[in-house]
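I opened this notebook to record what I looked up, entry by entry.

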Amino acid sequence: MTDLNALKQANARRWANAKITRVSFGGLAKHLVDPGAKARYQAVSAKTGVPWPFIAVAHERECSQDWTGSLAQGDPWNRVSVHVPVGRGPFRSWEEGAIDALANCAPYAARNKDWSIEGMLTKLEEYNGLGYAARGKPSPYVWSGTDQYKSGKYVRDGVYDPDAIDSQPGCAGLLMEMMALDPTISFKSVRPPNSAPGLPPRPAVIPPAPAPSITHPSKGSVGAFIATILSTIFRRN
């Protein structure tokens with residue numbers, strides 16, 4: 001069983017350090033933030049609560065932003081799907097199929113509440129499968145095309161090739177380029193602002209109590225007794 005909190009921390013560190021290594025991201029990102037495409041993603045977002053950038057990059061990964069392909073696995077949405085998730089559809093539109101994929105198919109992205117950057121990247125990784133996380137490897141679905149990914153790919157179901165290299169653009173690099181093109185896209189982190197990725201927050205600093213003195217004697221001490229007598233004498237005077 002994959003520890004999703006640990007995976008979120010790992011993805012937060014990767015995001016903080018990642019650099020894009022392929023030039024193809026920019027052109028693809030332009031298509032994803034195109035006003036016409038964005039409007040369609042936002043329509044699905046309004047029905048599911050899933051942020052539209054998540055929908056956009058998943059669409060690119062699943063079927064290269066082909067509007068005849070289902071968001072769930074890239075099969076034609078107007079037919080019954082034959083790839084996992086199997087048996088979905090047919091649907092009346094791309095939007096209807098996308099809503100089904102997010103609401104009714106694992107990992108049930110429409111139920112997710114954590115849309116910080118680490119939450120989004122981890123949900124995208126779940127969308128493709130946690131086989132890479134189980135191996136302690138960055139998922140190419142998320143990190144391909146950045147310096148956080150070198151090699152390793154499931155070339156078919158259950159078959160992992162450590163030397164295979166994923167040629168598709170990863171979701172993280174796409175999101176970076178989309179943010180550069182569309183200033184409305186931003187993500188918050190669930191990590192406290194005074195902590196480094198993957199590290200516990202620094203403890204709050206509590207100022208020490210003042211040391212005992214004539215003006216601040218310890219309770220029950222001789223100094224406190226003398227201070228009480230002096231106070232009584234001056235009040236009488």
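**Entry 1. Asp166 and Arg61.** I began with a pair of charged side chains: Asp166 and Arg61 form a salt bridge, with 3.0 Å between the closest N and O atoms. I then looked up where the partners sit. I note that the model is a predicted one.

**Entry 2. Burial of this pair.** Are the two partners buried or exposed? I found a relative accessible area of 2% for Asp166, which is therefore buried, because the cut-off for buried is under 20%. Arg61 has a value of 8% and is likewise buried.

**Entry 3. Asp100 and Arg88.** I turned next to Asp100 and Arg88, whose side chains meet in a salt bridge at 2.6 Å, N to O. Asp100 is in helix α5 and Arg88 in the loop between α4 and α5, so this pair ties together parts 12 residues apart in sequence. For Asp100 I read a relative accessible area of 10%, which makes this residue buried. Arg88, at 25%, is partly exposed.

**Entry 4. A network.** Which residues are joined by salt bridges that share partners? I recorded one network made of Arg61, Lys153 and Asp166.

**Entry 5. Glu95 and Arg40.** I also looked up the salt bridge between the side chains of Glu95 and Arg40, which is 2.6 Å from N to O. This pair links distant parts of the chain: Glu95 is in helix α5 (residues 94-104) and Arg40 in helix α3 (residues 35-48), 55 residues apart. Arg40 is partly exposed, with a relative accessible area of 29%. For the structure as a whole, I noted eight salt bridges.

**Entry 6. The largest pocket.** I then asked how much space lies in the largest pocket. The value is about 770 Å³. The pocket is lined by 23 residues, and those closest to its centre are Glu62, Val84, Tyr127, Asn128 and Asp157.

**Entry 7. The lining.** Which element gives the most to the lining of the largest pocket? I found that β1 does, with three residues. At least two lining residues come from each of α4, α6 (117-128), α7 (131-134), α8 (140-143) and β1 (153-156). By type, I recorded 10 nonpolar, seven polar and six charged residues in the lining of this pocket.

Notes:
Residues are numbered from 1 along each chain as its sequence is written. This is a predicted model: local features need pLDDT of at least 70, side-chain atom pairs count only at pLDDT 80 or more; totals for chains, interfaces and linings use all residues. Side-chain values use heavy atoms; hydrogens and water are left out. A salt bridge is a side-chain nitrogen of Lys or Arg within 4 Å of a carboxyl oxygen of Asp or Glu. Helices (H or I, at least four residues) and strands (E, at least two) are DSSP runs, numbered from the N terminus. Buried means under 20% relative accessible area, exposed over 50%, partly exposed in between (1.4 Å probe, protein chains only). On a 1 Å grid over the protein atoms alone, a cavity is a set of points where a 1.4 Å probe fits but cannot get out, and a pocket is an open set with protein on both sides within 12 Å along at least five of seven lines; lining residues have an atom within 4 Å of a point. Grid points are joined across faces, edges and corners, and a volume is the space filled by probe spheres set on the points. Ala, Val, Leu, Ile, Met, Phe, Trp, Tyr, Cys and Pro count as nonpolar, Asp, Glu, Lys and Arg as charged, and the others, Gly among them, as polar.
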